[in-house]
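Here's a quick briefing to read with the structure open beside you. Take it one topic at a time and look for each residue as it comes up.

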Amino acid sequence: MNTTEQLRLSALDTLNLLDTPPDAAFDNLTRLAADVFQAPIALISLVARDRQWFKSRVGIDTSETLRSISFCHYAVGSQSMLVVEDALTDPCFAQNPIVTGDPGIRFYAGAPIHSPDGHVLGTLCILDKQRRQFDDSARRTLTLMASQVDQLIYMHSQQQALDQATRKTYATRARYEAVFKGAAAGIIRINGQGLILEINDSTQKMLGYTADELMGQNVKVLMPAHWGHAHDGYLQAYQATGKARIIGKGREVQAKHKDGTIIPVHLAVSEVHYDNHDDSQPNTREFIGILSDMRDISAIRHSEAQERALLQVLHEGLTDYHALISGNTLWRFLKEALKNLTGSQYALIGEVILSDDKPALKIHAMTDLSWDESLRQMRDRLMSGAALLSNPGTMLGRVFTRGEVVIDNSMDRNPFSETVPKNHPVLHRFLGVPILDRGQVIGMYAIANADHDYDQDLVKWLEPFNSTCALLINLYRQLSQQQAFMRELQEARDLAERSSQAKTEFLSSMSHELRTPLNSILGFAQLLRNGKQPLSERQQRQTDQILRSGRHLLNLINEVLDLARIESGHMQVSMEPINVGDALREAIDILSPIATQHGISLVIQHLDPALPRVMADYTRLKQVLINLISNGIKYNKPSGQVTLRCTYNEQSVSIYVKDTGIGIPAEKINDLFMPFNRLGAESGSIEGTGVGLALTRKLVELMQGRIGVTSQQDQGSEFWFELALAPSVIATHADGQTLLATQHGKPLWRVLYIEDNPANQRLLHDFFDELGDIQLQCVHSAEVGIELACSDPPALILMDIDLPGMCGFQAQQMLANNPLTRSIPVVAVSAGKTAHRITDEQLTRFAGYITKPFDLPVLAERVLSLLKNTLSAS
Ligand code: ADP
């Protein structure tokens, strides 16, 4: 089959004309052809692959014949008109069965008919059983009629295309309908004015309307009022400016249900343009909104947020409980948390306590619902604890007395609501829950007027809150008890402090009162012993006993007084750089006679000349050494030894006092420094008061040091104490050199320096020695200084304030009161005003004030200018 034939057959197929029912338009034409040409047979023949089929026929009954015997087949083959005037004489057709047999065709004229794209489909033909002539005019007429058939075929093809398009449109429409109607999401179609054109079933279901109710309505009926008002303007603005808020984007908004409830939805809007095919009208603009119901999602989100909020409250409550309780905000915190967590208008939280053996509610926090003065007063009384709730018949009472969970969502009809106080705000919904601890009601909370009903699910959800409340109430109670205990403790301590103060004052005055008669006893005993009248041996023994007992008593009084002073904070130390070697040597000088008396040797182990100075009070350091060494002598064995040694490091110097004595049993070491505890020595013959070591430790600690002991029974003990190093004073000394160089000549003045610290004495001695104009005389106590000042008045006195025995202030007073010494200027020397609590008023009694460590040039300048003034005054 050639290509032309293939295309022709395909065009015939596409037309869908074969085997179609009779068509009047085609039949009219065959009828016309038969009439016009007076032919018994007229056909519109379509030549298919193997047959010819008559779309219209006049004069024969059969609707088709074989293609092979057809005349038309030839006309189609030649694509032009075929005329056979006498078939019997035409070699091509003479043997054709329809010529030789029935119906005995003799004449044929067929003009080709065409598909709209020009393929020859068949013919319009007329046939006769008579032989005929067919002139040109007849040929033209047949051709014209054939072209009419072409027109009909064209129209048929158009109709067919139209039908197809229509079928497609129907299918599309049906699909759209199915999607639109059946979509799970709500779909709303509106026009540019916001009027609803179409809504689907889901929208109707979601928003509670029927389609009829909404059709033609403005879409804002589906929006909450505040949003609806703005909608028209928004739609217009969008159409004018193209600025979109939702269109083409989609976001979460609120929709309004027919019953007025607000529904969270996701809305995605798209704009649709329709071509009107009308140039005089603008294209139609419509909007399609797709709504997804967000109620489930927002319920999940809401419950997630609630869970988070609950966790947050529990976390905060548990981690910050201390701050909450001590800051008195625990209850308010729990009340607010409860209100917020449950979306309630009112909340109350309280603790159950026993009042007359019956449970009563102490309200700790409640929402302020005062409506009138009487309610406000009642609230204040409840909150302050002045009033407790105890009626078991009220809504609250049922909870805290019986441990019931009370839920009421229709309070208006509740008989219990009669127990709500008059003028109390109206309660619609109420939930009261007991707070239990090991089965016991220890508190309760109540909430009211949420915008939803309370139920068991909420109570269950709040269980962690409830147990946290139980925990917090217990902690609150514990902390309150602890605070009460601390208060009692504080009061007891204050009392103890007051009585300790009283004791100190008592001791101090008693000591003073005792010392005066004791001095007389000692004085007279000495007079008796050294009197002109010799005493009998017995009297001498008795006088010695009086003297020994008197000294012991005096010693005891002094030590007790010192201890009392330290304990009351009245003892001051004058901290300054001290050469430990000085103190050691002086202590040994003092104690050597006693050691010899006891047959004990006192040894200072090699003293490192580079031993740094320590910060200490010279006199108190000496006192410590004397106490320790004298104990080493007292509690030694015959021919024993007491060894002194020092070690040092970058921070401190340690001084060791070691004896070869009786030692201290390990179990008694802890009691060693307790006042009046002699560790059993009181039953022995060694004299003592039991206060020395207690005082020694206090003194060391007062000088910022530490003290300790190691001991072995029967082997001996080693006491040690440690003092901090003094900062270097070399710089000041070096500065003094400049001034030293400028002064020379013979000493002009004699200056008396009353100072217990030999290191300071030496420093000033050397300094004034080099200065040349001044001769310095040093004494270590106020008593000796006053005596010297009276017997040989100096030009000036440098008076250390912190002296052993009489202090610098007392000494100045005595000098000022004495006509012999009144005119001598006295300069106060101390390690700093604050260290000794020296007042300005005290200093005005002195001619000047110099602080230690010395700034030597300043010292020299002050001293010289005072001396020159004295000279010019005299
Ligand atoms: P006392 O006035 O009794 O000596 P202390 O306070 O100085 O008081 O000492 C308390 C007690 O510690 C002494 O009574 C003694 O029993 C014991 N003690 C102190 N020093 C020594 C020592 N070097 N060796 C043994 N025992 C000592």
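Which residues does Ile 655 touch, not counting residues up to four places away in sequence? They are Val 580, Leu 584, Leu 625, Arg 645, Cys 646, Phe 719, Trp 720 and Phe 721, where contact means heavy atoms within 4.5 Å.

Before you go on, note that this is a predicted model: local features need pLDDT of at least 70, side-chain atom pairs count only at pLDDT 80 or more, and totals for chains, interfaces and linings use all residues. Residues are numbered from 1 along each chain as its sequence is written, and side-chain values use heavy atoms, with hydrogens and water left out.

**More on Ile 655**
- You'll find Ile 655 in strand S21, residues 652–659 (strands are DSSP runs of E, at least two residues, and helices are runs of H or I, at least four, both numbered from the N terminus).
- Ile 655 counts as buried because its relative accessibility is 0% (buried is under 20% relative accessible area, exposed over 50%, partly exposed in between, with a 1.4 Å probe and protein chains only).
- Ile 655 and Asp 259 sit 396 residues apart in sequence, and their C-alpha atoms are 97 Å apart in space.

**Around the ligand**
- There are 20 residues around the ligand, and the nearest are Asn 631, Tyr 635, Arg 678, Thr 689 and Leu 693 (near means that a heavy atom of the residue lies within 4 Å).
- The side chain of Tyr 635 has an N or O atom 2.8 Å from an oxygen atom of the ligand.
- For Thr 689, a backbone N or O atom is 2.7 Å from a ligand oxygen.
- At Gly 692, a polar backbone atom lies 3.3 Å from an oxygen atom of the ligand.
- On its own the ligand has 520 Å² of accessible area, and the protein covers 96% of that (areas come from the Shrake-Rupley method with a 1.4 Å probe).
- Helix H18 (618–634), helix H19 (692–702) and strand S23 (716–724) each give two or more residues to the shell around the ligand.

- Asn 466 lies in helix H15, residues 463–530, and is buried because its relative accessible area is 12%.
- Not counting residues up to four places away in sequence, Asn 466 touches Val 433, Pro 434, Ile 435, Leu 436 and Tyr 445.
- Glu 5 belongs to helix H1, residues 3–15, and counts as buried because its relative accessibility is 14%.
- Side chain to side chain, Glu 5 makes a polar contact with Arg 67 at 2.8 Å (a pair of N or O atoms within 3.5 Å; within protein, one must be able to donate a hydrogen and the other to accept it, and residues adjacent in sequence count only if both atoms are side-chain atoms).
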